[in-house]
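Grab a pencil and work through these exercises with the structure on your screen. Try each task before you peek at the solution.

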Amino acid sequence: MATPKMVFVDTSLCTGCRACSVACKAWNELPPEKTQLITSFQTQKDYTYDTWTYISFHEKYENGKMDWFMFKHQCYHCEDPSCMKACPSEAIYKTDSGYTLIDHEKCIGCGYCATNCPWGVPMVNPQLQKSFKCTGCIDRVENGMEPACVATCQPGALSFGEKADMQKLAKERLAEVKKTYPKAQLYGDNIMGGTTYLYLLLDEPKVYGVPAKPATPISLTLWKDLVHPLGGIAVGAAALAITGGVLANFARGNYRKKAEDNDDINAGQ
Amino acid sequence: MSPSFGRGAMTNSWQDMQNSECFLIAGSNCAEAHPIAMKWIHRAKAKGAKIIVVDPVFTRTASKADIFAQIRPGTDIAYLGAIIKYIIDEKLYDEFFVLNFTNALLKINKDFKFEDGLFSGFDEATKKYNYSTWAYQLDENNTPIKADSLDDPDCVFQKIKEHYSRYTLEVAEQISGIPADHIKLIADTFAAAKPGNILYALGMTQHTTGVQGIRCYAIIQLLLGNVGKAGAGIQALRGEPNVQGSTDMANLNANLPGYLPYPTNAQVTLHDYAVSFGSVQHKPLVALLKAWFGKNATAANDYGYGWLPKNDPTNMPIQPQFFNWMEKGQFKMLFNFGSNSSVSIPDRKMVAKGLSCLEMLVVADIFNIETSRFWEEEGLNPKEIQTEVIFLPAAFVYEKAGTMTNSSRLIQWKDEALKPLNDCLPDLDILDRIFKRMRELYAGSNDPKDAAILNANWDYGEHADPFLVLNELNGYNDNTGQLTSSLAEYLNAPIGTVSTGCWIYAGVTPPGKNLADRRDSSDPTGLGLNNEYAFAWPGNIRVLYNRASCDANGKPIDPNRELIWWDSVQGVWTGNDGPDVIDKTKGPDTPEGKQAFRMNPEGVGRLFTASYTSGVSSSPVPVDSIAAIPVRGAGMVVDGPMPEFYEPIESPTTNILNPNVPTNPMAKIVSTEFGDPKDYPYVLTTYTICEHFCAGGITRNIPWLNEIMPEPFIEISKNLGKKIGVKEGDFVEVSSIRGKLKVRALVTDRIQTLKINGEDAETVGMPWSWGFASLNPGPSANNVTMNACDPGAGTPEYKCCLVNVRRA
Amino acid sequence: MQVTRRGFLKLSGGLSLATFATGLGINMAVAADRGYALKLDGCTKATSICHFCSGGCGLLLYIKDGKLIHLEGDPDNPINEGSLCPKAASLEQVAYSEERPKTPLYRAPGGTEWQEISWDDAIERIAKKAVEVREKTWVKTDEITDAKTGEKKVVPANRAEGIAVIGSAEIDNEESYLLSKFARLIGTPFHEHQARI
């Protein structure tokens, strides 16, 4: 049985070079997408079904001091993933090593995973009617290699290893950077059951454009834990209606950026 | 660096950066242009090293800095001069190092002066310096006279002190825009944390004062004792994968391979050449001629010296000038292997004009780049352009075997991993085929002009074999009939008995081996020396000038970073690295064993680049003893023995240090139009970014890279954005007197308005990697830049020109 | 549906469908006891050196049947220890790029388009032109002023004045060297490259 793994994302060392994004596409054979400069040096706007990891850039100028923060986005591989809860076809599953994966034979492309993820990670390819996201390079990891993004990272912002080792490293790094960035914090260790990608941030999560307290909505929990166990997909229209309501609420909760923005990106291919 | 240390190469290595306690990264955006540097810098940072970044723009490198200072482009010498003054005034220098390993004590000619913006010896008519006063006081043996102490008013140390006395922190602030207390903080931080490491790249060289800026670094590092040690030094981060190697191979008009001076028409015979440059250059030239002409090179025929074309010093255009030489009709044919001048040359309209005047342009490259497609550019009428163009599809790096030499002089071999795509051929085969065909066409000719071709030693097999070429670089020993086994064997062999295509590569392929192909990455010292991985010239030394890491007794000064030491039992210099000494058996108590800078005629690092030739050339030189002319000349910096601040050629302000000589009086001016700050009030600086490489000929054809950086942009301050009514994402027109372009604006806090000489000054910045061809075409920044070059290096001032920016 | 990713890529011929293939790659291990197939299985490895900045980072190419399957950093190269910047990480897209010209190309004087020509044709045109330009622009001697005596004298020049060569910092040492040698043998000292810029 595989032991729990972890990727430690030390944003204090990230230079925003985006080699991770390219290496991800190279390993997973993902096509390029048409982009443009959005703000600062950011060009990839959001997750898409062909972009599983990207960097956002955040500029902060206060009291004469410039900070330029970079944040690598990919699936967090939560211990308690809401996408898995939301999936009506039981296509999403967890591995012993800690990864959250989509079984595409079961995936029906309904998109509930996408809309229920607090970060909006999974994205449905409408042509294929399947949902896609970072796999954690499970094929590499299970064969003794580092994930492609980690292997390529030159400034040393990404580390991969046993979960306990990474947690220790993260705490050491936090203590170090707190000397110069008092607001520094770890992100991921106490949300969504703990995430397999653990971050060191130099400032509050909102500075990086990510939710401070991402959570599975209560209505989804209700559905998943009370209604859904009765009959899986067969529960049918009633359960789906509840889910639909959950989704609507969720969208208003603004965990996601506007869906149409994503469509623009995909349409531009 | 060469005039200061004796070699123009990066002193340490990438891996060695992990040993530093402090970095001054100024003139380099290494997180973007040399991302591998950040791996090793962050290793050092994890151990507590400090990072100082000085740049006109807050870059991705700056985002990782402990101290960042925004500087006005082209004013480095002002704040570096202030740091030199501060180090001397506050006695922060390393006295042992300064006394033993620099020329600080040597006395300078009493007629040397710096007055009103000029050093002594300037000739107004020719705009050149006569070096006669930039000299040492010599004794009867032609040896420089040493002062008793650093207080001697004639000594180099006092000359430096006096010269930089004008460079107060306040003056530096007025010129550079960096607050005085910030300059002080940089100086204090860098002087306190040793070993300190300076990283620079094109941000420092692309100025009309580029060489002198680097000279400031050399002076600072010599004063602080930061040369020849692990974690110290000056890292010239070369811009291209093999720019170290291609320069070693003398793809420049002033050299032959191995940095031999190129013969001019005044040196009619080999004897003349030897008299001019001494035996240190004579021997490698003979070895080179033997490599080029094989058995046809004999002592009787001057080893074929007469077959070499001779430079006419009055007609020696450098690459940025080549296109003018086409326009004026001298050049009819251009061979262009692997470079993209149509994007990369400043004031780039000159390029198309020049190429249009050629009879034939031959371009070999991976993609059909802007240079071969110059006639297709919008605005030109191809029907009027009579240039024949031949494009040759070249094999890519992993489709051919051979070596490249990285920035830290590491020669790495690679095999052919993939067959060349389609009909592509390695450049080696292309050249081989062209040369062989020309040789056939000249077969039987008795015309002396064809003798070089017909007598050439050129046989690399039916399909040119790169290993045979590498063997030619390594060289052969006539006495053994074998490949030369080491640099030492080459150096000890009598003149005329060894060949080498590039003497500094001697030892790379000893008999039966290819040391460039070594793959042992072990690192027993933990210092990142990796001595058994590939091969570094010279003689596999990883840290240059490492004699300076030892004290007067030859013991390592830093017990945690031991490079070499004197083994008194065995009577040899030995250690973890190859000792960079004249003779391994000459101990620290001998004159040779004290020298840390053996390539300089004085044997020490040069704070002041005095004119000096060691040894005594007997005059007249007996014809039969040219092998024993024991002279070695010092490398000179043509525009002054100490760096002086001059404004960029296009400047928004006056020169408060040198009001009568505002710009470098020796700058090579190529452009013909210069803007007035009234019309073009902002300073444009240009650079590359992480996602694209140089002229973009390759990277703009890589879809994944076009995704992560799809377009060029201009970065402007929020103040300027407000002033001209431009928001982030808007398109603007950027214009200089030479041209214009339209591009998206990023309005950012990463550039701030500076206060220069009491006035607000705006800097704007733009990457230059775009051109009209490729999958990702875009406007070239070099539409607007200016072509004026450093007088020594010939590097154009890409980093500063005047522009206007307005809403498009 | 058991197809390998590469196989699926070929079958589909579409990039977005290749994405689906990737998804299937993971799908091959729906059950925990199933192994996760590695696309590198059966590949041979070859090392190379990055084409971009002067770091000299090592590349590792995974090759099957002469085809490049994947490229990443060489973990055994002590400079980069397997890491690569985005430019290097993207280099497999050069190997089979449709943008690379397939043969030598020729553009005639006043021409408005390229035509494909053979290597033999290209080499012949180039060699003949180089000979022609050498013949008509050869400078045999220069007149110079002797630095010591101040007298004018005629000295050998031996130059093909009409030919210029721009070399490259992006080609191998052996190629750079041969270009340097070639230029001087045919008589042109006008040999430069982008080291200055």
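**Exercise 1.** Find how many residues of chain B are in contact with chain C, and which helix of chain B gives the largest share.

*Solution.* Keep in mind that you're looking at a predicted model. Step one: count a pair as a contact if the C-beta atoms lie within 7 Å. That gives 133 residues of chain B, in contact with 103 residues of chain C. Step two: go through the elements on chain B's side; helix α17 (residues 427–441) supplies the largest share, 9 residues. Step three: sort chain B's side by class, and you get 75 nonpolar, 37 polar and 21 charged residues.

**Exercise 2.** Now describe the contact between chains A and B.

*Solution.* First, the count: chain A puts in 24 residues and chain B 28. Next, the elements: on chain A's side, α1 (19–28), β2 (54–62) and β3 (65–73) each supply at least two residues, and α1(A) gives the most, with 3. Last, the classes: chain A's side has 9 nonpolar, 11 polar and 4 charged residues.

**Exercise 3.** Name the residues with the most contacts inside the largest nonpolar core.

*Solution.* This core has 378 residues, and the ones to name are A:A23, B:I52, B:I83 and B:I87.

Note on methods: Residues numbered from 1 in each chain as written. Chains lettered and ligands numbered in written order. Predicted model: local features only at pLDDT ≥ 70, side-chain atom pairs only at ≥ 80, totals over all residues. Contact = placed C-beta atoms within 7 Å. Helix = DSSP H or I, 4+ residues; strand = E, 2+ residues; numbered from the N terminus. Nonpolar A, V, L, I, M, F, W, Y, C, P; charged D, E, K, R; others polar. Core = buried A, V, L, I, M, F, W, Y, C linked by C-beta atoms within 7 Å. Buried ≥ 20, exposed ≤ 12 C-beta atoms within 10 Å, placed from the backbone.
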